[in-house]
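Subject: The structure I promised you

Hi,

Here is the structure I said I would pass on.

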Amino acid sequence: MITIRQRLFISFSLILLIMLSIIGVFFYTIFNLSEIHKNQIHRYDQIRRVEKLKEYNNSFSWIVLDIVTDYEKIEVVKKRLKKSDELFKKLIIKKKKTIDNSESTIEKQNIQQIFKYFEEIENLIKYQLYKLILVSKNEKIAFDNFNKKFENISLKIDKLLKEEIDYLQTKLDKTEKKRNQFIDTIKVEVVILFIIAFLLSSIISSRITKQIKDKLDKLNKGTLQLFKDDETTIKIDIGKNNELSEITHNLNSYLEKQSDIIHSREELLRNISHELKTPISKAKFVLENLRQNKDDKQIDSLNKVFIDIEELTSKLLQREKLNFAKINSSKFKTSSLILESLSKLSIDDESKVEVIIKEDFNILADKYYLTIALKNLIDNAMKYAQEYPIIIEATENKIEVKNIAKKLTSDLIYYTQPFTREPNQQLGHGLGLNIVNKIIQMHEFKLDYKYNKPYNIFSITFKN
């Protein structure tokens, strides 16, 4: 089954493909229009070249007319002949370019023929007309024959030039028409692609929306059933491999976790009742002896028992509060935290504690809870120290509590569980480090343990 995320990905890919197609069409259009534009410019330029040839033909006609009219004025004749020479030189320069820019074989042949006619005109003017002026006796007949030859060639040139211009103009009109047709086609294609993209996105989005709505309805029914029938998990079929099934799975995992927490609390209460049975039994035994002997030592023992019960109850309440605790952070100095933690302990001899503050750095945390954590570490160090003083040392982003004692037999994680102690250990209830660990985790700080002979070292590492 395709997931919602996959459907969205496919939809996006298809729309992206269509958009890329539109972009492709756009660039294809630009390329083709550029080619068409080049062809148009080429034909415009060729028409101008052919029009220029027409001007040359007219110029030669005027030159011949001037020479024939003023043939007796030799200076005029020479000027006109010189001008014709200049025009023929320019024609030679234009010849190659005009022929090379022909688009078809017929067009090229026509232009080549036009230039052959121009060569004939050149020959007529430079040689025949000039010779005629110098040696002809029957002037009228001679000039009439010349004019007939010249006009015949000139007319042929005009005819070919007209055909060439008409041909180029026709091609130009066809190019323009092709350009307009191409633009109209592209417009239709782009509109069609946009319509396809819109319809495709609408269809896929509506199907995805419907799928999400159906699954949300099922999830809602399952949630209502959860409260109605007192179920511990949401028992509905949302299908597999989709995002809402993941949400349902995570929600069921949370509900199972909550169920485990409830089970854990029940187990904790059983452990508490078990832990309280021993001091209560001791208290009953001591009370019975007290009735019989009225011994002060027994009364002290009884007092210790109730102090033990009070301490256990206090720690249990602390531990339970941590399950619902909210952090109220503030900034304070390391020295302030250490002094407040020590003030909460009843230390009969101050020489039993050595405080070394190498760096009095700032801490951002809940001072109330962090004081409890450090107090518990100091209290443990005092209880299990084989020699005094214990050392509380503040270095960069870290507080270490050291005492001279035997190395712990298990890893730290073992002692952070509730009601865990060293084998044959009589003091404490196994809750101190559990409370410390919970507080440290709440703050996302780090609790570590190491043994550096002869010291057991517990440390709290703070964030930078």
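This is a predicted model: local features need pLDDT of at least 70, side-chain atom pairs count only at pLDDT 80 or more; totals for chains, interfaces and linings use all residues.

What follows is a short tour of the helices, the sheet and the salt bridges.

Some ground rules before we start. Residues are numbered from 1 along each chain as its sequence is written, and side-chain values use heavy atoms, with hydrogens and water left out.

**The overall picture**

The chain has ten helices and seven strands. Both are DSSP runs numbered from the N terminus: helices are H or I with at least four residues, strands are E with at least two. Of the 464 residues, 37% count as buried (buried is under 20% relative accessible area, exposed over 50%, partly exposed in between, with a 1.4 Å probe and protein chains only). If you take the contacts between residues at least 6 apart in sequence, 70% of them join residues at least 24 apart; a contact here means heavy atoms within 4.5 Å.

**The sheet**

Look for an open sheet of five strands, in the order β2-β4-β5-β7-β6, with mixed pairing. Two strands pair if DSSP finds at least two bridges between them. Which strands stand at the edges? They are β2 (353–357) and β6 (446–452), and each has a single partner strand, so one side of each is left without a neighbour in the sheet. On average, neighbouring strands are turned by 15 degrees against each other, direction ignored.

Seven bridges join it to β5 (residues 398–404), and the two run antiparallel. On the other pairing, β6 and β7 are also antiparallel and joined by seven bridges, with a hairpin of two residues leading from β6 to β7. T461 in β7 is a handy landmark: K398 stands opposite T461, and K446 stands opposite T461 too.

**Helices on the sheet and on each other**

α8 (residues 367–384) packs on the sheet, where it touches β2, β4 (387–395), β5, β6 and β7. Its direction makes about 15 degrees with that of β5. (Axes are lines fitted to C-alpha atoms, for helices over the stretch in contact, and angles run from 0 to 180 degrees between N-to-C directions.) α10 (residues 432–443) lies across β6 and β7, running at about 130 degrees to β6.

(Ala, Val, Leu, Ile, Met, Phe, Trp, Tyr, Cys and Pro count as nonpolar, Asp, Glu, Lys and Arg as charged, and the others, Gly among them, as polar.)

α8 has another partner in α7 (residues 334–343), with an angle of about 65 degrees and axes 8 Å apart. The crossing of α7 and α8 is right-handed. S336, L337, I338, E340, S341 and L342 in α7 meet K367, L370, T371, L374, K375 and I378 in α8. The residues of this contact divide into six nonpolar, three polar and three charged.

**Salt bridges**

I count a salt bridge when a side-chain nitrogen of Lys or Arg is within 4 Å of a carboxyl oxygen of Asp or Glu, and that gives 16 of them.

- D66 and R80 meet at 2.8 Å, N to O. D66 lies in α1 and R80 in α2 (residues 74–100), so the pair ties together parts that are 14 residues apart in sequence. D66 is partly exposed at 24%, and R80 is partly exposed at 26%.
- E35 and K38 have their closest N and O atoms 3.8 Å apart. Both lie in α1 (residues 4–69), three residues apart, about one turn of the helix.
- E400 and K402 have their closest N and O atoms 3.7 Å apart. Is E400 buried or exposed? E400 counts as buried at 10% relative accessibility, and K402 is buried at 14%. K358, E393, E400 and K402 are linked in a network of salt bridges.

Cheers

Conventions:
A crossing is left-handed if the near helix is turned anticlockwise from the far one by less than a right angle, and right-handed if clockwise.
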